[in-house]
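Me: Here is a model I would like to go through by question and answer, starting with a strand and its neighbours.

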Amino acid sequence: MRIGIAGGIGSGKSYVCALIRQRGFEVYDCDSAAKRLIRTDPDIRQQLTALIGPDTYSADGQLNKAVVARFLLLSEDNTDAINRIVHPAVFRDFEASGLEWLESAIMYESGISRLMDRVIVVTAPLEVRIRRVMQRDHISRSQVLAWMSKQLPQEQVVTLADYELVNDGQADIEQQLNNIIEQCNKPF
């Protein structure tokens, strides 16, 4: 069974995934995988270079983040074009990994939810999420809100997911996780 962990920025997805790892399950991290594949996959390198230009990678093969950032900021179409290159590669990499657990901040936006048998969404109140990200990343409230605006609203992800795990600083996360894992192990 493939189980996805979704949740917006500041919800505590990474914390929940650490708890899952403590239970002996390996979790595929889509964010880390995308960064790795962009650095190492020759097809992605070729496609990004064709899309963005010859300065996409430096002479020593490193991604030129400033060039990519400028390209991304030009339009949503540019973001979509990069996603059409990177997302399928991440999907293939996950499938080849043989792992059952997957973490993705953009589970539904990317389409990787189609590969999951069950999806757990980690939620937290808006102000808790904002505070967490401001403290973690040392950024302003407006920057956090700008990031959040690029993700599906938490309420919408809750309606799409199979399970909600509340990470508000008060609810018993361990018990919720145990209950969800037990339910996921039952036959459909």
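This is a predicted model: local features need pLDDT of at least 70, side-chain atom pairs count only at pLDDT 80 or more; totals for chains, interfaces and linings use all residues.

Me: In β5, what is the bridge partner of V122?
Reply: β4 runs parallel to strand β5 (residues 163-166), and four bridges join them. In β5, V122 has as its bridge partner L165.

Me: Why are the buried residues of α2 on the same side?
Reply: In helix α2 (residues 30-40), the buried residues are C30, A33, A34, L37 and I38. They lie on the same side of α2 because the arc they cover around the axis is only 130 degrees.

Me: Which residues are exposed on the other side of α2?
Reply: The buried residues of α2 are covered by elements including β2 (27-29), α3 (42-52), α5 (76-97) and β3 (101-103). On the other side, the exposed residues are D31 and K35.

Me: How far from E103 is the nearest side chain of opposite charge?
Reply: E103 is found in strand β3, and its side chain makes a polar contact with the side chain of S14 at 3.2 Å. A salt bridge needs a side-chain nitrogen within 4 Å of a carboxyl oxygen. E103 is buried and has no salt bridge; the nearest side chain of opposite charge is that of R21, at 4.5 Å.

Terms used. Residues are numbered from 1 along each chain as its sequence is written. Side-chain values use heavy atoms; hydrogens and water are left out. Buried means under 20% relative accessible area, exposed over 50%, partly exposed in between (1.4 Å probe, protein chains only). Helices (H or I, at least four residues) and strands (E, at least two) are DSSP runs, numbered from the N terminus. The arc is that of the directions from the helix axis to the C-beta atoms. Contact means heavy atoms within 4.5 Å. Lys and Arg count as positive and Asp and Glu as negative; His and the chain ends are not counted. A polar contact is a pair of N or O atoms within 3.5 Å; within protein, one must be able to donate a hydrogen and the other to accept it, and residues adjacent in sequence count only if both atoms are side-chain atoms. Two strands pair if DSSP finds at least two bridges between them.
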